[in-house]
Amino acid sequence: MKKTNTESLGNVIFEYLRAMGLETPLNEHRVISAWPEVVGGVLAGYTQELKIFNRTLFVKVSSAAVRNELMMRRTELVARLNAKAGAQVISGIVLR
């Protein structure tokens, strides 16, 4: 017997997350988790308190030299973090 109304498990989970409002928090978690991989371990060691608010990633940086380096690479970092998350999660980065 052949079933005609079947869906893949991935699609069902995706629709459930979207319906429950969990898709955005999950994507934000993916961005924050990808931060050390995207910027590199050395630069990530100088950063702390990563938070996302209104599609903006806020990062506290303990070194002025690292802050300057990250400022110059902001556009690239946004693109790479969004690519890691698989969605357009952030639109900018604020470095403090």
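Predicted model: local features only at pLDDT ≥ 70, side-chain atom pairs only at ≥ 80, totals over all residues.

User: Why is Asn27 called buried?

Analyst: Buried means under 20% relative accessible area, exposed over 50%, and partly exposed in between (1.4 Å probe, protein chains only). Asn27 has 10% relative accessibility and therefore counts as buried. Its place is in helix H2, residues 23–39; helices (H or I, at least four residues) and strands (E, at least two) are DSSP runs, numbered from the N terminus.

User: Why does Ser63 count as buried?

Analyst: Ser63 has 18% relative accessibility, so the buried class applies to Ser63 as well. Ser63 belongs to the loop between S2 and helix H4 (64–72).

User: With which residues is Asn27 in contact, leaving aside its neighbours within four places in sequence?

Analyst: They are Ala85, Ala87 and Val89, where contact means heavy atoms within 4.5 Å. As for Gly86, its C-alpha lies 7.8 Å from that of Asn27, although 59 residues separate the two in sequence.

User: What makes the pair formed by the side chains of Asn27 and Arg30 a polar contact?

Analyst: A polar contact is a pair of N or O atoms within 3.5 Å; within protein, one must be able to donate a hydrogen and the other to accept it, and residues adjacent in sequence count only if both atoms are side-chain atoms. The two side chains make such a contact at 3.0 Å.

User: What makes S1 and S2 paired strands, and in which sense do they pair?

Analyst: Two strands pair if DSSP finds at least two bridges between them. S1 (residues 47–53) and S2 (residues 56–61) have five bridges and pair in the antiparallel sense. Lys51, for instance, has Phe58 in S2 as its bridge partner. Two residues lie between the strands of this hairpin, where Asn54 takes a positive phi near 50°.

User: Why is the pairing of the sheet called mixed?

Analyst: Strands of a sheet pair through backbone hydrogen bonds, either parallel or antiparallel. S2 and S3 (residues 92–95) pair in the parallel sense over four bridges, whereas S1 and S2 are antiparallel. The three strands form an open sheet in the order S1-S2-S3, with mixed pairing. S1 and S3 are the edge strands, each pairing on one side only.

Key
Residues numbered from 1 in each chain as written. Heavy atoms only, no water.
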